[in-house]
Amino acid sequence: MFLQQLFNGLTTGSAYALIALGYTMIYGILGLINFAQGEIYMCGAFVAVLLLATGKVNFFIAFAAGMGAAALLGLILERVAFRPLRGAHPLVPLISAIGASIFLQSLALLVFGPSDRPFPIQFTFSTVTLGGVAISTLQGAIFAAALGLMALLVLFVRFTRYGKAIVACALDRDTARLMGINVDRMVALTFIIGSALSGAAGIMMAIYYNATYPRMGLLPGLKAFSAAILGGVGNIPGAILGGLVLGVAESLGAAYIASGYKDAVAFVILILVLLLRPQGILKGRGH
Amino acid sequence: MEGGSEERGSRGTGVSPVIPPPTPSSRPPMLTLKSVQAGYGPLTVLKGISLHVRPGEVVTLIGGNGAGKSTTLRTICGLLPVRRGVLEFDGQELNRLSPERIVSLGLVLVPEGRRVFSSLSVTANLELGSYHRTDKAQVRRDLEDLRERFPLLRERAAQPAGTLSGGEQQMLAICRALMAKPRLLMLDEPSMGLAPRIVRQVYGILSDLKARGTTLLLIEQNARAALKLADRGYVMETGRIILDGAAAELRDDPEVQRAYLGKGYREVWE
Amino acid sequence: MEAYILHLSIMAGIYIILTVSLNLIIGYAGQVSLGHAAFFGLGAYVSALTSLNWGLPFPAALVLAMLFAGACGLGLGLPTLRLKEDYLAIVTLGFGVIVDLIMVNLTITGGPDGLVGIPAPVIFGLSFRPPVRYLALVLLTVGFTLLVVHRLVHSYHGRALRAIRDHEVTAQVMGVNTPAYKVMIFTLAAALAGAAGSLYAHYITFINPESFGLHTSILVLSMVILGGMGSLAGSVVGAMTLAVLPELLRRAQAYQDLIYGALLIVLLIWRPQGLLGGGKLSLKFLRKKE
């Protein structure tokens, strides 16, 4: 039972971690919360589901297209809701992002309707029993894919020219410009990467819960933000750890405390973290 | 970039800021500021600055706190817009260029307070210095070359730059700028916040660069050290240049001595 | 028709209280609460439950609603208000989710069905069931709210608050205890939202968690932005406009949230001072730095 819940938690936690990475990276470079991250997650899921529903598209292509669409949406958001407001009081872009989030959610509601869409293709996954714990290979596959994406991100940031440039912009924007780094381009790249990861998380959860709907991004988005704070905002390993910890805490909380309050666990943790250790488990870069 | 050092003795007597003296060894200025104005918000900090730097020269800009020295460098780098006047490099106007473009022309700044990327490794800092360059093979050779000259860069290669000492960070910041392959290297207060012994080390690096013929534009509050190294100097006060001339002349100028060198100040930069 | 106009006026009055109180947080403390509807809801539920179960008279229920909502605001503000702007937004949003879950899950709150048969206020034997009298009651509360906020804004404390908003570090250096002011403002705003909730509950007479969700928080936020951050008159106009507009544009109801979302972005880019902002209050903080 405990191990079972642990594994369930790691599966949803890996989605939180992917979204949290987007929050943390964007916060790191702009000092802003992209409130519409949850809608980007939703967009990724919808694009993949709609493409697969045509029956003409291969799963992997649909997955990539979902990530691509999410990335594009992130890029558009940056242009429309953030860039015109750069330099204003931090409250202003925050509210504008809230506006974007509401706008996208209601747009999806108008276009796709409020009901759940099942995932168009059925995966034949078996259940593996390990030491009395039934783990579906679906969970395993989601977890592995999420870890793979995270590893790619970490490698990108650590070892590529653009990755290091993004970190440089986050650390010291003016000095980064003095090295010839185009900060605007790095901000755009950060939005693309963070959004693509959120899109991937959206597709994974669309498969896992077998449901895609306009409001699907609301709670995961908020929880992922809590995860980012838990791990220390601006800290990439922290976001991953925070996401996984939160997923597990939520799963265990639902199982052992009260299932009706499952969605509250993340926010109780958030408030506790802010109260006790605002810099997060791993120290955040902060701004 | 070689051969600058032997010319240097014959130059530096010119007082006129714009027109180069007609000595045969002088080359046309690479960087020229003509009545440049710049500032922040409603504030005009630079009230019409004219200066120039010739290839191979070491020029220093000295002055007290708030004279506008750093603002001058920030304007040259494109971090602040030029409001009036002309900023030229190799005859090309820089007024409207972004910092990114200006770096790729070879105008590189070592910012005030070193500003190394603290959580990135020493090597990553150096690599970021060469960010705008496309000659990958040469970049690798330059990195090796710097590591030969400064073994610390190799010893601490993987260490986060923030864990280095102040002097080491200054050295790293200079090396990072050198990785950008500067044609004109600008330094903003390289001695700031460092112990005298470390300042001597930093100036050792700078005079080594001078000997190699690197063109330097150096901003200092530590006028004594700067004038010792430089060929020519400008003295700034409240956004204007009030005095200019050969470094040796400025050193002997009673006004400069009183205001910036301090009478009876012991020579420590031997 | 007359009854309909009365109804709209009462609702507009309740929204004015909500908007003014949220504007206090946004315009005067430079923070944003996305859980304002949660305080509104807490006030509604506390007032309804104390009337229904304990038979408390309306004034006592109203005061309890304000105290309870204010206490929750205090509890939430203390840990978060010393942090960056963004944290409060998320924490209040999370708080909204928690409050919603509690309302849905508890039996005492009637779960998703909510509470019915909330009595109309009776004060000194005078029943406020007739809408005209209720409107008078609401307007009285609106007037009281505006008075309190106006006094606060134009007091020494108000100037301190604007200092916080315009430049937090400077304010701190000058010895303004910014976290304490922010907590005070946030508590007061939460209490005012609780009062609005109480008025709402006793007017509508049935409440369920749906009325106090994120949608309502966003609606109130849109009212603030439309009227102008930091503008009291703007809040009144913003609240009235958005309270009446949807009624006039019934056919566009499906597009309501879409329009609010777009409105927020467009206003912030083209007219950050709102429709009425930019008057006597300093709005320096909205302008871009060079």
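**Close-ups of a predicted three-chain model**

**View 1. Helix H6 of chain A and its packing partners.** The buried residues of H6(A) pack against H1 (2–30), H5 (137–159), H7 (173–178) and H8 (183–209) of chain A, along with helix H4 (122–129) of chain B. This is a predicted model, where local features need pLDDT of at least 70 and side-chain atom pairs count only at pLDDT 80 or more, while totals for chains, interfaces and linings use all residues. Residues are numbered from 1 along each chain as its sequence is written, and chains are lettered from A and ligands numbered from 1 in the order in which they are written. H6(A) covers residues 161–171, and eight of its eleven residues are buried, so this helix is largely enclosed by the rest of the structure. Among the buried ones are A:Lys164, A:Cys169 and A:Leu171. Here, buried means 20 or more other C-beta atoms within 10 Å of a residue's own (exposed is 12 or fewer, partly exposed is in between), with C-beta atoms placed from the backbone. Helices (H or I, at least four residues) and strands (E, at least two) are DSSP runs, numbered from the N terminus.

**View 2. The open sheet of chain B.** Four strands line up in the order S2-S1-S4-S5, with antiparallel pairing. S2 (43–53) and S5 (92–93) stand at the edges with a single partner strand each, so one side of each has no neighbour in the sheet. Strands count as paired if DSSP finds at least two bridges between them. S1(B) and S4(B) are joined by five bridges, and B:Leu31 sits opposite B:Phe89 of S4(B). Helix H2 (residues 69–77) of chain B lies across S1 (31–40), S2 and S4, at about 75° to S2(B). For that angle, axes are lines fitted to C-alpha atoms, for helices over the stretch in contact, and angles run from 0 to 180 degrees between N-to-C directions.

**View 3. Two hairpins of chain B.** S4(B), residues 84–89, pairs antiparallel with S5(B) over two bridges, and B:Glu88 has B:Glu93 as its bridge partner. Two residues separate these strands, and B:Asp90 in the turn has a positive phi of about 55°. B:Arg232 is bridged to B:Ala246 in S10(B). Again two residues lie between the strands, and B:Thr238 takes a positive phi near 35°.

**View 4. Where chain A touches chain C.** On the two sides, 35 residues of chain A are in contact with 38 residues of chain C; contact means C-beta atoms, placed from the backbone, within 7 Å. H3 (59–82), H4 (91–112), H9 (218–231) and H11 (262–276) of chain A each supply at least two residues to the chain A side. H4(A) gives the most, with 13 residues. By class, the chain A side has 27 nonpolar, seven polar and one charged residues. Nonpolar covers Ala, Val, Leu, Ile, Met, Phe, Trp, Tyr, Cys and Pro; charged covers Asp, Glu, Lys and Arg; the others, Gly among them, are polar.

**View 5. Helix H8 of chain C.** H8(C), residues 178–204, has 27 residues and reaches 39 Å from first C-alpha to last, close to the 39 Å expected at 1.5 Å a residue. That expected span is 1.5 Å times one less than the number of residues. The helix is mostly covered, with 23 of its 27 residues buried. Just after H8(C), C:Thr205 takes a positive phi of about 70°. Chain C comes to eleven helices and two strands, and 54% of its 290 residues count as buried.
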